[in-house]
Amino acid sequence: LDYKIVEGDSGAMGGNISHEFMALAETGEGEIFYTENSNYAATDESAKFFLEIDENEEEKELELVETKDAKTIEEVSNFLKIDENKCAKAVDLLVKGEPVLVIVPGDRELNMAKLISYLQVPEHEIEMMDDETIKKITGAEPGFTGPKDLKEDVRVIVDKSITRYKNMVIGANKTDHHYKNANYKRDFDGEVCEDLLTAKEGDLSQDGKEKLQLARGIEVGNIFQLGTKYSESLEAYFLDENGKQKPFIMGSYGIGITRSISAIIEQHYDENGIIWPTKVAPFEAWITLVNKNNEEQKEIAEKIYNKLLDAGIEVMLDDRKERAGVKFNDRDLVGVPYRITVGKDAKDDMVEFSKRSDMENLKMPTDEAIEKIISSIKDDLCK
């Protein structure tokens, strides 16, 4: 498999560190971010990046402006002719039934996995805030929520990048109004979280040296460093050399067997079907008997079959009563690495040898074809 080891989100499993083994495939269900020249790779749930922000801008005077019918970041940005990244987005949530505002730059998406990790609550206990609650805590219609002048004491969580921006646009908690030139600490406050943002392709890596690239992948394995989370809960202790009781340090190691099969196929196929690598192929060799009723062909096919079996080769003999074209199509579809076709040249003790990877038919004597398959398979298995 062509795979990457990526930093993952520990999620409900817990522990501070987890890694996933992602087999690269365009059809993969997961997205990963990575850099070309370093070992950094992470899932979209946990990818870190460096956000370029002009922190030297001079603070301007706070200004309340009317923004009639402009509710979305795009609408506010166009109305005020201000870049979306200078418009603070308020994400209105209910966490365990309590209102929470999360403030992020307008051009970025809130990363729910990072928020869940920060809040340390299950995902099912976080939901979008309903309109009535928004009106109650802000005194305004939805779309004008901001961290300043809230009507009730509400928990406000601010992504750290917000503290670096100068002169932002924020909701004024007043219908059809926003504040311009709002600055963290001077005009509004909130608890700061280091990183709540979802990365984008082209973002700078954390060290600022490379740009993040995006790929899709299939998770085929994972490692969770669980620490003492479960051992302490289960009271699984041992006595150290000093007779002191300590909890075991635990790890969880998972391999997705069926996912691995799918990933191998996604990385090894063409328009005709699967191209199995020899090490994991269901059969290593496939013999196609073109005419089951021809005794010469039948005799040679069975000779090859038995010699390959004796050599420890896993081999399939297709001696069905089917047309040759059907057999060839099925052979390509299943994708066994090495093939021998026993046809009309059997009378001269000649067969066709081919590899599924290149589909080039080579005519050769029977014994030579047998030796070629045996040596090729041994070479493959030793790699």
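**Entry 1: a hairpin.** I started at the turn between S10 and S11, two strands that form a hairpin with five residues between them. Asn173 sits in that turn, and I noted its positive phi of about 55 degrees. A reminder to myself before going on: this is a predicted model.

**Entry 2: partners of S11.** Next I looked up how the hairpin strands pair. S10 (residues 168-171) runs antiparallel to S11, and three bridges join the two. Within this pairing, Ile170 has Tyr179 of S11 as its bridge partner. Then I turned to S5 (residues 63-66), which is also antiparallel to S11 and is joined to it by four bridges. Here I found Leu64 standing opposite Tyr179.

**Entry 3: how enclosed is S11?** I asked myself how many of the six residues of strand S11 are buried. My tally for residues 177-182 is five, so the strand is largely enclosed by the rest of the structure.

**Entry 4: His177.** Is His177 buried or exposed? Its relative accessible area is 15%, and because the cut-off for buried is under 20%, I wrote it down as buried. A polar atom of the His177 side chain lies 2.8 Å from the backbone oxygen of Thr175. Setting aside neighbours within four places in sequence, I listed the contacts of His177 as Leu64, Val65, Glu66, Thr67, Phe144, Gly171 and Ala172.

**Entry 5: helix H6.** I moved on to H6 (residues 257-267) and asked which of its residues are buried. They are Ser260, Ala263 and Ile264. Looking down the helix axis, I saw these buried residues fall within an arc of 100 degrees, so they line one face of H6. What do they pack against? I found strand S2 (17-24) and strand S13 (213-227).

**Entry 6: cysteines.** Last, I checked for disulfides. A disulfide covalently bonds the sulfur atoms of two cysteines. My count here came to zero disulfides. I also looked up the accessibility of two cysteines. Cys87, at 2% relative accessibility, is buried, whereas Cys382, at 70%, is exposed.

Notes. Residues numbered from 1 in each chain as written. Predicted model: local features only at pLDDT ≥ 70, side-chain atom pairs only at ≥ 80, totals over all residues. Heavy atoms only, no water. Buried < 20%, exposed > 50% of the residue type's maximum accessible area, 1.4 Å probe, protein only. Pairing = 2+ DSSP bridges. Polar contact = N/O pair within 3.5 Å; in protein donor to acceptor, adjacent residues only side chain to side chain. Contact = heavy atoms within 4.5 Å. Arc of directions from axis to C-beta. Disulfide = S-S within 2.5 Å.
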